[in-house]
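Colleague: Let us go through this model. I will ask what stands behind each term.

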Amino acid sequence: MERRELDEARLQGQAEIWRYMFSFADSMALKSAVELRIADIIYSYGGTATSSQIASCINDSLTSPDITTLAHIMRLLVRRKIFTIHPPSNSGDLLYNLTHSSRWLLHDSEQTLAPMVLMQNHPWQMAPWHYFSQCVKEGGVAFKKAHWCEIWDLASRNLDFNKLFNDSMACTSKFVTSAILSGYRQGFNSIGSLIDVGGGIGCFISEIVKVYPHIKGVNFDLPHVISMAPAYNGVSHIDGDMFHAIPNTDAIIMKWILHDWDDEDCIKILKNCKKAIPKENGKVIIIEIILKEDGSGVFDEIGFIVDLAMIAHTNGKERTEVEWKKILEGGGFFHYKIINIL
């Protein structure tokens with residue numbers, strides 16, 4: 001390598017470290033946009049709004065918004081293609097537009113990730129990330145090191161955190177359900193009863209029952225979660241603990257549950273699933289990430305990031321197909337079929 005190429009490579013390497021060092025700024029700018037409802041404000045103006053219009057909607061009766069700070073946040077989010085910008089209008093104000101990305105930040109949309117942005121970037125959820133090096137040295141769960149309890153214990157005794165967590169899980173249910181029903185169209189036809197194990201406040205199972213009204217839907221979760229669950233047509237709520245027993249049913253569905261637990265706990269859950277379904281034609285439907293080391297799909301990179309989120313917040317992990325096969329067989333399931341959904 002020539003000297004000039006070596007110097008350029010070193011500079012590029014330095015630039016990469018600076019970028020990763022401050023990558024949290026992207027998350028914080030995104031979080032502030034959700035808290036300020038910037039996407040909602042732009043949407044209320046038909047998809048295009050000036051900085052003055054955005055600021056006027058942020059304003060409350062006690063304070064005036066700092067337009068300079070707003071402009072700096074928006075400048076980074078434009079660079080990240082969360083919003084787009086157009087030349088000044090007649091008033092001299094910059095015009096901001098929504099993008100495919102910022103439409104996922106609309107609070108009242110059927111397809112929104114706004115509650116998930118708020119949850120993942122809340123100080124309660126961010127604190128455990130600072131304990132990774134300690135976990136490497138000593139072992140243990142990062143969340144417990146940060147908060148002196150596990151995430152489920154905090155949710156059971158802190159109503160604000162419980163709502164934050166449940167809302168973040170619920171916001172994904174509608175669009176995830178749409179993808180599942182599209183990719184697994186015939187899978188629900190023969191099911192008479194279906195239990196959503198770890199179903200939160202019941203959004204996921206309710207969306208399935210809407211499309212397949214012949215299914216008797218059950219939302220099964222811990223008591224403090226079920227206490228927050230609203231009523232849904234065709235869905236009953238049952239509280240309990242999946243580590244102790246799961247009610248009998250034709251089929252079980254679990255969305256983003258097993259990645260919260262280590263292999264030993266996953267096998268316990270799967271064994272209880274096995275006991276709850278008929279021997280001949282019972283089935284367990286698992287919605288999870290399968291890590292692909294060389295994957296180039298649109299969400300493959302996210303899988304490795306979520307894997308670290310599991311390290312931060314739970315005692316779980318994301319898994320490769322080989323790792324999934326191991327725990328499925330440990331739980332008594334020797335036959336499985338993988339269906340890729342977008």
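Colleague: What are the helix and strand percentages over residues 129-333, and how far apart are the end C-alpha atoms?

Modeller: That stretch is 47% helix and 13% strand, with its end C-alpha atoms 34 Å apart. Helices (H or I, at least four residues) and strands (E, at least two) are DSSP runs, numbered from the N terminus. The model is predicted: local features need pLDDT of at least 70, side-chain atom pairs count only at pLDDT 80 or more, and totals for chains, interfaces and linings use all residues. Residues are numbered from 1 along each chain as its sequence is written, and side-chain values use heavy atoms, without hydrogens and water.

Colleague: Which domains does the domain assignment give?

Modeller: Domain 1 (1-104) and domain 2 (113-331). The bounds come from an automatic or database domain assignment. Their C-alpha centres lie 32 Å apart.

Colleague: What makes residues of domain 1 and domain 2 count as in contact, and how many are there on each side?

Modeller: Heavy atoms within 4.5 Å. Seven residues of domain 1 meet that with eight of domain 2.

Colleague: How much area do the two domains bury between them?

Modeller: About 690 Å², 76% of it on carbon and sulfur atoms. Buried area is the accessible area (1.4 Å probe) that two parts lose on being put together, summed over both. In domain 1, Lys31, Val34 and Trp104 lose the most, together 72% of what that side buries.

Colleague: How many salt bridges cross the interface of domain 1 and domain 2?

Modeller: Zero by the rule, which asks for a side-chain nitrogen of Lys or Arg within 4 Å of a carboxyl oxygen of Asp or Glu.
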